[in-house]
Amino acid sequence: MIRSLKGTYDILPDESWRWQTLEAQLHDFMSIYGYKEIRTPAFEKTELFSRGVGEETDIVSKEMYTWLDGGKTNLTLKPELTAPVVRSYIQHNLGALSPVTKLYYMDALFRRERPQKGRQRQFHQFGVEALGTPFPEADAEVIAIAYEFMISLGITNLKLKLNSIGSGQCRTAYKDALKEYLSPHIQELSETSRLRFETNPLRILDTKIEHEIELLGKAPDILGFLTADDETHFSEVRELLDGMKIPYVLDKRMVRGLDYYTRTTFEITSSALGSQDALCGGGRYDKLVETLGGKSTPAVGFAAGVERLLIALDEIGKTEEPSKTDIYFVGLGDQARKAGIKLVHDLRKQGYKSNYDLVRRSMKAQMRESNKSGARIVLILGDQELENNQIQIKDLENSQQMTINLDELKNHLYKLEL
Ligand code: AMP
């Protein structure tokens, strides 16, 4: 038997409705905020990610599915969604259409990670990107979308963590200061942190190791390195969030994994999840469009893990699948069964979710199936009734059953307001 690959999974029929519901909620929600959907291809040139996301990041250095296509071009299954969106934004000159381009997406992505609960190799994210404005109102809007969408889904125990990592200049100074502070302690650091010390020291702040967290407690504070402009920007973001009554906590260790962030960074976690508690992460990326060959365009966005949202919703309490059937037809005898097929066909054309037995089972089995289907109405037709141009109609909501003229069925169903 050929099985699915490690870290990948099937979304089976008894689960796909949850995805459909979430997708529909996302589309509705985004239209309220004036964002439009963008869809980009599943694979791109590897260079897009190595340049955009950064060579030293975990994603680019060890998690990408990359191959040499036709012996010529290095291609990669997309491991994140911002770089492709920015590539598309530049390629199609979307910025020319209006000063701010507000985009959202929901898509699959691929990372060669160690699979565990809430961590797959193919997973899904939805997210937004607002391109074209440096102002804090865009940061606040994007954060509000992330937070309010989760609230609207009913996810509880949310924690919004907020930080600013400043713009390029202060970051270089901060990296130096952090390295200077850590260098006498280099032997106490884990292998990963030692490597990061050389390649990407800010990422050491992401550590989950207790004694490193303790050590970092006395490290220089990134907020102390912000320029006056960065500070003003950050305080305005906070003021706007306060105004919208969106609760947040400041977390100066939250730097996010990707290289392209500038100024605001944020993350939303939920205690409904286990160790992989991050639901969404994002921030400002004022230099990425330029890095990828476009005009200087400040931007801000976030991405949220769809599987994690569904896990969080599960923890809160499993939701019931809404009934997929209005009417179930039960036929007795050959003629009645054939007439039923025509009848159900007509009902379906009128928009009723209708079903019948495709395997010619007994009446008892068909009745059982009608119960299982969740249908409110069961139509029962025997050859005798057919001859009399009649049909039995059973309303499972009040257990009432009656025989009516077949010509009256349409009117009768209409009155029931299924
Ligand atoms: P990132 O793109 O790494 O900032 O991740 C954004 C969000 O995607 C995280 O907060 C998670 O909810 C989700 N996520 C990241 N990696 C995975 C993964 N391997 N499997 C499932 N969800 C993930």
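This is a predicted model: local features need pLDDT of at least 70, side-chain atom pairs count only at pLDDT 80 or more; totals for chains, interfaces and linings use all residues.
Local features are described only where pLDDT is at least 70, side-chain atom pairs count only at pLDDT 80 or more, and totals for chains, interfaces and linings use all residues. Residues are numbered from 1 along each chain as its sequence is written, and side-chain values use heavy atoms, with hydrogens and water left out.

**View 1. The whole chain, before zooming in.**
The protein chain has 15 helices and 16 strands; these are DSSP runs numbered from the N terminus, with helices being H or I runs of at least four residues and strands being E runs of at least two. Its C-alpha trace spans about 95 × 50 × 45 Å along the principal axes. The radius of gyration is 28 Å, whereas a compact globule of 418 residues would come out near 22 Å (taken over C-alpha atoms, with the globule rule being 2.2 Å times the number of residues to the power 0.38). Buried residues account for 48% of the 418 residues; buried means under 20% relative accessible area, exposed means over 50%, and partly exposed is in between, using a 1.4 Å probe and protein chains only. Of the contacts with a separation of 6 or more, 69% join residues 24 or more positions apart, a contact being heavy atoms within 4.5 Å. The chain's accessible surface comes to about 21700 Å², with 50% of it belonging to carbon and sulfur atoms (Shrake-Rupley method, 1.4 Å probe; for residues, only the protein chains shown count as cover).

Look for the side chain of glutamate 113, where an N or O atom sits 2.6 Å from a ligand nitrogen. The side chain of glutamine 125 places an N or O atom 2.9 Å from a ligand oxygen. Alanine 278 uses its backbone instead, with an N or O atom 2.9 Å from an oxygen of the ligand. On its own the ligand has 480 Å² of accessible area, and the protein covers 90% of that.

Glutamine 120 is buried, because its relative accessible area is 14%. Not counting residues up to four places away in sequence, glutamine 120 touches Gly7, Tyr9, Arg111, Glu113 and Glu307.

**View 2. Helix α4 and what packs around it.**
Helix α4 (residues 82-91) has 7 of its 10 residues buried, so it is largely enclosed by the rest of the structure. The buried ones are Thr82, Ala83, Pro84, Val85, Val86, Ser88 and Tyr89. These residues pack against β2 (43-45), α2 (46-52), β5 (101-110), β6 and α10 (288-291). After α4 comes asparagine 93, with a positive phi near 50°.

**View 3. Arginine 18 in helix α1.**
Helix α1 (residues 13-33) is where you find arginine 18. This arginine 18 counts as buried, because its relative accessibility is 10%. Apart from neighbours within four places in sequence, arginine 18 is in contact with Leu310, Leu313, Asp314 and Thr319.

**View 4. Two residues with positive phi.**
Lysine 245 isn't a glycine, yet its phi is positive, about 60°. Lysine 245 sits in the loop between α9 and β8 (249-250) and is exposed, with a relative accessible area of 70%. Arginine 263, also not a glycine, has a positive phi of about 55°. Arginine 263 belongs to strand β9 (residues 262-270) and is buried, at 15% relative accessible area.

**View 5. Serine 235 on helix α9.**
Serine 235 is part of helix α9 (residues 228-243). With 32% relative accessibility, serine 235 counts as partly exposed. From serine 235 to glycine 127 is 24 Å, C-alpha to C-alpha, and the two are 108 residues apart in sequence.

How values were computed:
A polar contact is a pair of N or O atoms within 3.5 Å; within protein, one must be able to donate a hydrogen and the other to accept it, and residues adjacent in sequence count only if both atoms are side-chain atoms.
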